Structures are given as C-alpha cells and as structure tokens.
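Work through the exercises below with the sequence and the model open. Try each task before reading its solution.

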Amino acid sequence: MPYGDGDGETPETGAGTDATGEAERTVASLRRAAAADPGRRLPELAYALLALGSLLTGDPERHEESIGVLGEAARIYRGLAGDGTDPPLVGLAVASQRQALALGVVGRREEARAVAREAVGLWRGIVERHVEGARPELAGALVNLGNQLAETGHHHEALDRITEAVEIRRSLVDPASGAGRRELASALGDLGIKLGEMGRRTEALDALRAAVGTYRESGAAGRGRAAGARGTGELAEHAAVSFATARTLTGLGRTGEARPYFEEVAALRAEITAREPRAVAFLDHLLTGHGYRVTRHGGIQRERAEGVDPLGELDRLNAHGLALADSGRVDLAAETLAEAAALGRSAAADGGTAGVVALARTLHHLGLVRAWGGRREEALEAADEAVHLCRRHLFTTPDTLRPLLAEAADSLGSRLAVLGRHSDAVAPATEAVALYRQLAHTEPETYEGELARALNNLGIRLTDSDRHEEALAVTEQAVDLQRRLHRRDPEEHFEGLVHALSNLALRLARVDRSEKVVRPTAEAVRLLGSLDRIHPSNDVAALADSLAWLAWYLGKRGHREAAGNAARAAEALRRRAPKPGR
C-alpha cells in the first residue's frame, strides 16, 4: 500500500543494526534536503522516519526513541494530509498504529489507547475511500486498540473491537489459496484470550479451538505451497494459542482434553528449536510466566517446587504484601502480590475451589495495593478479574466467596469511579451493599461496619452519576450505622464516621439544604483532630478535597467560622497525607 515516495511497501519492524544505521543516515540527509525544499522532500522524510521508527521498535533499548521518531513521522503526515490525497493519510494511519504499539510496550497505556483509537478512526476513513489493502490494516488496528483498552480496564469495549477484527479477518480469507488464514487465527486467538480474561471461559474455549484449527489449516496449506513450511513466527503464535487452549481446558477441569494441546505445544516448540533456537525464547518466557516448564524430554509440565504448599505460599505472600503496604512500601507490596497472583493462576488451573478462592483474594489485594500506589488502570484490571472469579464460583462455595465478592465489588466500583466511569461504578457498588446486607443480617458484629462503608461508597457513586436524592438517602443510612458503630468502638470506627459525615454534608449541599450542612461538617472536623496516622488505604486526598469544597460552600453562605475550621482541617490533611510508594 503506497503512502510516501518509497517503494510502496510497509517498512518492516525490527531489523539488524546495519539497517538501522543506514535508516538513520537517510533521515539525516532528508532532514537537510527537506529544509531546503520542503514541498518535494517532506513526504520522503516522513517515509524515512516511519522506516527508522519501525526498525527501532525491534531494539528494546530504543523503544522510547522509536516513539519520538514515529510521532515525528505522524506530525509530518498530518500536515501533508491536508491536500486530500490518500498517501499521506495512509502514512499517518501507519505511523499512529506503530506509535500506539510502541507506547503500549513501554507501559504508557493511556497514551497508547488514545493513539490506537485515532489509528482506528483513520483506517475506517481510508476503508471508506476504497484504498486497496486498507481492510487488513483496519483489522490490525482494531486488535491493537482492543489490547490497549483491555490494559486500561475497558474490557467490554476491548471485546467489541477484537470481535470486529475477527469478522474482518474472516471475510478476507481466500478459500482457494488459504491466504489470510494466519491473520484470522491470530485474531481468533486474541478474542479467546480476551474472553478468558473476562471469565467467559466456555466462549473463550470456542474461539481458541477455532484459532488452533485455523493455524493447523494454515500449516497444512503451507506444506503444499512453493514457499514451503511456515516461519518460526507463525509457529510460535500457533504454540501460544495451543497453550492458552490447554490452560483453559485445565481451568475447566477437563485435563484429559487439555493433554493433546500440551503435546502440540511441545511439538511446535521442538520444530522452532530445530530451525531457529533463539526464536524459542518467547515461548519459554510465556510458559514460565504461567507456571509451566519444559521437561528433559521436551514435554510441557506444571512447575512444582519441592516441599512447597502452593496455597500456603499464597497465604504467606498475601500477608507479606499487605504488611508492606501497611508500612507504606506500596510499590514493593504490589510486586509481592503480583508474584502471588502468578502462583494463584497455577493453583486455580488445577481445578480446585481452594485455588480459585486464593486467586480471587490475591487479585483483590493486588487491586487495592495498586490503587494505593496510584496505578489506577492496573488496579481496575485486577479488581475486575477478582469480581468475575467470585461471581462464577459463588454458588459453589457461597459462605467463603460471598464476603470476598462483596468486598471486591465495592472495590471495583471505586476503581471504575476513579477513572471517570461513574455510571459503570453504580452497579458493583449496589451489588456490594446487597451482599453486605445479607451478611450483616446473620453476623451483625462482623459485617455491619463493612455495610456502613459500602453504603457510604454507594452514596458517592450515586452522586457522581447525578442521582442526588438517592445518594442522600443512602448516605444518611451510612451515617446512622456509623454513629452506632462509633458509640460501640470509637477507635475502630472514627475514620469511617469522618468519611460518612463529610459525604453527608456534601450530599446535603448538592440538594441545597445549606443550613443542615454545618453540623456534619463540624462533627467531621472535630473528629479529625484525633487522627494521628493515616493508612495508605484511607483516601486522604478525596477527604481533603471534600472539606475544602465544604469550606468554600459554607463561606459563600455566611457560615464563616465553620468554613474556616473546614479549610484548616483540609490543609492539615494534605500536609500529613503519605506519598504514593512510601
């Protein structure tokens, strides 16, 4: 597909240092030429930058540099696209797509998502212009956008985009020659993995099996082509999808059906090793990351540490991670709990309920700690997975999972709200309150405090969704319950009461009952005077912001003394709040 004054082919990603050096020299020469004759040379410079950026993405030490180079190419193409012709528009789409991929690799997920979304929009427009070869590029852009959406917690939209890519890939397969099968298999594999991450394992299995079958067809067709056998890249993709299928079956307790897929992974790995030994590193890393290893005879086997109880080790890692977080070492705590989650996935794949519960609890803890450290998108991902796990297995072990699901759903509501997804946050927050009501009915001493906290959070979620009267009613319930708990145990429940009181004041202000705002605000400020230490889980910044707003509100309505006290309390909170990761 042409998009510059190059040879009409897309520049390849990742190549040797000789090719990179030559591309750098070409860019330097064209910069000088473009400065003298921009009208003629800018398209050539943009193409050269795109080629250089594509090469740099293959060097892990130069990923950040590739982002800048691809961004420069995109800026030039954006300026050139104003002439209304196809080539610069296509160049801009290619540059944006590759920049999004590079941003994702270095963990800049929010930026990656925005650029990937732009790339999809560009390719849609190019498809509408009937540019040859645009539909496969749109499918690739959709998969990348789906991956970036998933990494930032937008799982349902991610699924929609990947599903759309699958349908495009399916329509592009040539039934006679088999061209397009590999790309369809890859998209089906992405779809299966995404469905599995969302807890829809039966649907995931269907997509993964279809992907494996398509890879097999591609392999069979390849043996009859003049070009010969498949490349090691396609073999590695095939092996990865077969491995995902085997793990999904194992997680469903269908270990007998999983065995042939593990054997297929081993056979593909052996073929890759025989042809290009270094190319097997990706697959081995994938196996290790999921707790598997290659045996002496080349088989695939779950890694088991001698003499170590996986569930006991999970308990130890969870306790250690939470202790680190409690001491303010949030980043180290997140690393510890991520290690626990990897172990938990292996335990859950054995099919036992205890392993599933342990994994769900670990993911919940990981989501909390990531949130305390300001890693919002990653926190949402962990929280969402924890809730899906609990929901799927609730009827198997209700006594164990109902309290965990209540806590995880409440946390999921908070994670969604922090990312601005307020309407989405109401449903899990409502679910948490309903579950805690059930639990508090049978065990009031254990769960009334949790119910009060969940009611307080639901009030916030409703307010953020502009449902103010409902929010006020829920928050009044939270305050009544928190007062009762505070009378029973002042030290244990004073933080909960402070948050509930400040939120009640906010709810009253929202419905313009200004005379009633003074009392809960003043009570919250008085209680805050006895707060000596702030735990990382306490949302101090939000509480300080609430008091600052209340100070402004009360001052505007003539309550100067109460306004001054609230403003001083807000400033004191901000000075004493812990910094993320400390």
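The model is predicted, so local features need pLDDT of at least 70 and side-chain atom pairs count only at pLDDT 80 or more, while totals for chains, interfaces and linings use all residues. Residues are numbered from 1 along each chain as its sequence is written, and side-chain values use heavy atoms, with hydrogens and water left out.

**Exercise 1.** State how many salt bridges the model has.

Solution. Start with the rule: a side-chain nitrogen of Lys or Arg lies within 4 Å of a carboxyl oxygen of Asp or Glu. The count by this rule is 33.

**Exercise 2.** Find where Arg78 and Glu118 lie, and how accessible each one is.

Solution. Step one: their side chains form a salt bridge, 2.6 Å from N to O. Step two: Arg78 is in helix α3 (residues 63-80) and Glu118 in helix α5 (residues 109-128), so the pair ties together parts 40 residues apart in sequence. Helices here are DSSP runs (H or I, at least four residues), numbered from the N terminus. Step three: Arg78, at 42% relative accessibility, is partly exposed, and Glu118, at 29%, is partly exposed too. Buried means under 20% relative accessible area, exposed over 50%, and partly exposed in between (1.4 Å probe, protein chains only).

**Exercise 3.** Is Arg421 buried or exposed?

Solution. Arg421 pairs with Asp424 in a salt bridge of 3.2 Å, N to O. With a relative accessible area of 17%, Arg421 is buried, whereas Asp424, at 40%, is partly exposed.

Terms used:
Helix = DSSP H or I, 4+ residues; strand = E, 2+ residues; numbered from the N terminus.
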